[in-house]
Amino acid sequence: MIAFDFKYIKPTTAKEASKLFLNAKQKGNKAMFYSGGTEIITLARVNQLQTDMVIDIKGIPECNVLEIRGNELVIGSTVSLNDIAKSKLFPLLGDTVQRIADHTSRNKITIGGNLNSELIYKEGILPLLVADAKVKLAKGLEQRIVSLESIFKKQLELETGEFLVQIIVDKSYLDHPHMAKKRTKISKVGYPVVSVAALVKECQIQIAFSGVCQYPFRSFKLESVLNDTKVPVMERIGTAMQHLPEDVVDDIQGTKAYRTFVLRNVLKDILEELELTK
Amino acid sequence: MNSLSKTSKQLIQLHVNGETHDAVVRSADTLLIALREQLGLTGAKRGCENGDCGACSVLINGKPSHSCLSLAVEVIDQPITTIEGLMDSPVSKAFVDNWAIQCGYCTPGFIVNCHSLITTHPDANDELIEEWLQSNICRCTGYEEIREAVHTLLASGQTENE
């Protein structure tokens, strides 16, 4: 049971949602945008999160879109992980999100919620980073479209009152050779020891990681090392390990040494398979 | 725009098992609480309340959902099916016939999930069955019998109430 009360509002436009958020803030109240709500409910239940208001953005039509529009795939932020996987519109994204949580939870977890998660994993972002995705953000009357990479610095850096409306992926990325690999500690359902999404574009492997560091990342420096095919695979992997953005996570899911071991093996599998497709 | 106030309880309507019910809830009440404490539908069980165990599973719009991870106010316009709405269903019978029950606490959640599985995918293969069943935990570890119940039902082709 959630021990504190909050106001629940379900606006039907992005403008209205943003206005509600800003008005609440102006009055000294805390508001949160609510999509699937799984994380808000679980954290609120154990008092790790408090809010005065939740603004359910599932009533905003723009947030529920999942379709090809011209040369772009448009994914609304409130689309569930299962609906993304079932659509088969972006197979790499489908393969990745299909390994997040369990099947029943994926009916509720949304891509926007996953990207904005407080957890360190946010695996849904990996295919979007390697596909150079853009995001549409809304705040008040304004909407802006920016590259995901430009606003993802360990987490989505949104302005106060701003929220994720849509994710936009260039259609040309949807059918590139790709691979998603997730390794968990024991069961198939669980947080990743290592999760990786990769695709091949113009003979170059673009690759992003979760579970390795305290946040998901894509590193151009690391990619350039991995793509240097003049160097033997294991040597490239050894060098790549020196270009991780920070220390490898060392926790109950996996020690630093174990995660590093798993990462090396996952990278080996990915390089060997994807280089055949180049 | 739907709006429910912060502190006071509100009267909402929930569409459960083909009937419309009144419920008086806080915005912060989960669907699980509303079903059990307002509607007296205690088939959905309180387990982990964290979306991990599946004991509270119900169908929302025909899709299996953890009722502990939805707010009651969030689903006022959606059809909900609980275990009470699947009485005498082929899947319930298959669980009995295959002894897919031990202590019984997880059973409603499993039956609801399996009902959705076999009606959505009457041709489900082992991989798909495993993917769906991973959403529920049986502390008695009776997984083999539960899997057998699903297989029996799929083989019989009797996936809907007749």
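Modeller: What covers the buried residues of α1(A) includes β1 (7-10), β2 (31-34), β3 (53-56), β6, β7 and β10 of chain A. Contact here means heavy atoms within 4.5 Å. The model is predicted, so local features need pLDDT of at least 70 and side-chain atom pairs count only at pLDDT 80 or more, while totals for chains, interfaces and linings use all residues. Residues are numbered from 1 along each chain as its sequence is written, chains are lettered from A and ligands numbered from 1 in the order in which they are written, and side-chain values use heavy atoms, with hydrogens and water left out.

Biologist: Which residues of α1(A) are called buried, and what makes them so?

Modeller: The term buried requires under 20% relative accessible area, exposed requires over 50%, and partly exposed lies in between (1.4 Å probe, protein chains only). In α1(A), A14(A), A17(A), S18(A), L20(A), F21(A) and A24(A) are buried. They cover an arc of only 155° around the axis, which puts them on the same side of α1(A); the arc is that of the directions from the helix axis to the C-beta atoms. K19(A) and Q26(A), on the other side of α1(A), are exposed.

Biologist: How do you know what span is expected of helix α1(A)?

Modeller: Helices (H or I, at least four residues) and strands (E, at least two) are DSSP runs, numbered from the N terminus. The expected span is 1.5 Å times one less than the number of residues. Helix α1(A), residues 14-26, has 13 residues and reaches 18 Å from its first C-alpha to its last, close to the 18 Å expected. Just after α1(A), G28(A) takes a positive phi of about 80°.

Biologist: What makes β6(A) and β7(A) a pair of strands?

Modeller: Two strands pair if DSSP finds at least two bridges between them. K134(A) stands opposite S147(A) in β7(A). The hairpin of these two strands has 2 residues between them, and G140(A) takes a positive phi near 55° there. β6(A) also pairs in the antiparallel sense with β10(A) (residues 163-170), over 5 bridges; the bridge partner of K136(A) in β10(A) is Q166(A).

Biologist: Why are β11(A) and β14(A) called edge strands?

Modeller: In chain A, 4 strands form an open sheet in the order β11-β12-β13-β14, with antiparallel pairing. β11 (178-184) and β14 (217-218) of chain A are the edge strands, as each pairs on one side only. The antiparallel strands β11(A) and β12(A) (residues 192-201) are joined by 7 bridges, and M179(A) stands opposite A198(A) in β12(A).

Biologist: How many residues does each chain bring to the contact between chain A and chain B, and what area is buried?

Modeller: The contact takes 36 residues from chain A and 33 residues from chain B. Chain A and chain B bury about 2,900 Å² between them, 51% of it on carbon and sulfur atoms. Buried area is the accessible area (1.4 Å probe) that two parts lose on being put together, summed over both.

Biologist: Why is the pair of K58(A) and E74(B) called a salt bridge?

Modeller: A salt bridge is a side-chain nitrogen of Lys or Arg within 4 Å of a carboxyl oxygen of Asp or Glu. The closest N and O atoms of K58(A) and E74(B) are 2.7 Å apart, so the pair qualifies. The pair crosses between chains, from K58(A) in the loop between β3 and β4 (66-69) of chain A to E74(B) in the loop between β5 (63-66) and β6 (79-81) of chain B. K58(A) has a relative accessible area of 22% and is partly exposed, whereas E74(B), at 3%, is buried. D5(A) and R26(B) also meet in a salt bridge (2.7 Å, N to O). Between chain A and chain B the count is 6 salt bridges, and over all chains it comes to 28.

Biologist: What separates K268(A) and E272(A) along helix α11(A)?

Modeller: They are 4 residues apart in helix α11(A) (residues 256-277), and therefore separated by about one helical turn. Salt bridges that share partners join D56(A), K58(A), K108(A) and E74(B) into one network.
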